Amino acid sequence: MLQDLFEIYVKERQVINNLATRTIECYRLAFRRYQLALKDKAEELPTEGSLKVYVVAMRESELAPTTCNISIRAFNAFLSWLQENHQIPARLRIKQLKEEKRSIKSYSDEEINRILSYKPRDFYGWRLYAIICTLIDTGARIDEVLGLRRDRVDFDNLLLTIKGKGDKERIVPFSPELLKTLYRYDRKNTHSNVWFFTTTTGSRLTYQNFAKEWHRFCKAVRIEYRSFHKLRHNFGLNFIRQGGDISELRRLMGHSSITTTQLYINLQTEDLKRAHAKTSILSRLK
């Protein structure tokens, strides 16, 4: 019974809300974890007791609180749908676990310089380099960049119109330096009039394909391989360090909550060391 309801829920989210494939996969993973936790009772409608079993099972499997919370948020969305469709009498909610506050990690200036010193030689190299530079310069999400349409790139006014989470469009400015890179790539892109970043057959470049290219790129420029989402962190941290306003950063990055944006205000260890070096009494007086 619950499996059938979940499939209807997922279908509605795909058709009506046009959710990304990765988001749907996240929902399915959360539901599989629920099934594993409840075992023979997994087909019964959720109760407060079964939800507690679900959370305990995730923690006992040694999943980190952050990982658990991803599944909790996904399952909570399903619970809301069940209540809205009169499948459960009252709205159930799983309380998220307390997470350890961690500073946002990003690439160092030296690593960014290594990335920017890359010399593309062909269409594939220019496509990869243009995507990376766009991530660095705009702070956009990778899915937003890969989904960029050619008619949404305004070379004259240095603006990108990108579609973010929930199909919400926002306009993001870019620098004259990025303009040069995008223009050179665009001259080589004769494969599609629809997508800006495209395959040689004219289709949209997938997340999986770019992830493989990014892994090889990190080796080529001799930097530690990390998620390219770290480039988005670089944008946010640099914006704040250079005196940018947090409300402006929220709009640029497309955050639905200011709480997410506030993470970039927390000073990193490097910032504290630089500030201490400038203000140290001993350094000044001895």
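Mentor: Let us begin with axes, which are lines fitted to C-alpha atoms, for helices over the stretch in contact, with angles running from 0 to 180 degrees between N-to-C directions. Helices are DSSP runs (H or I, at least four residues), numbered from the N terminus. This is a predicted model, in which local features need pLDDT of at least 70, side-chain atom pairs count only at pLDDT 80 or more, and totals for chains, interfaces and linings use all residues. Residues are numbered from 1 along each chain as its sequence is written, and side-chain values use heavy atoms, with hydrogens and water left out.

Trainee: Why is helix 2 called roughly perpendicular to helix 3?

Mentor: The axes of helix 2 and helix 3 (residues 48-60) cross at roughly 100° and come within 9 Å. Angles of 65 to 115 degrees count as roughly perpendicular, and therefore helix 2 is roughly perpendicular to helix 3.

Trainee: Which residues of helix 2 meet helix 3?

Mentor: Contact means heavy atoms within 4.5 Å. A30, R33, Y34, A37 and L38 in helix 2 meet residues of helix 3, including L51, V53 and Y54.

Trainee: What makes L2 count as buried?

Mentor: Buried means under 20% relative accessible area (1.4 Å probe, protein chains only), exposed over 50%, and partly exposed in between. L2 has 0% relative accessibility and therefore counts as buried. L2 is found in helix 1, and among the residues that it touches, not counting those up to four places away in sequence, are F31, Y34, F78 and L82.

Key. Helix = DSSP H or I, 4+ residues; strand = E, 2+ residues; numbered from the N terminus. Parallel < 35°, antiparallel > 145°, perpendicular 65-115°, else oblique.
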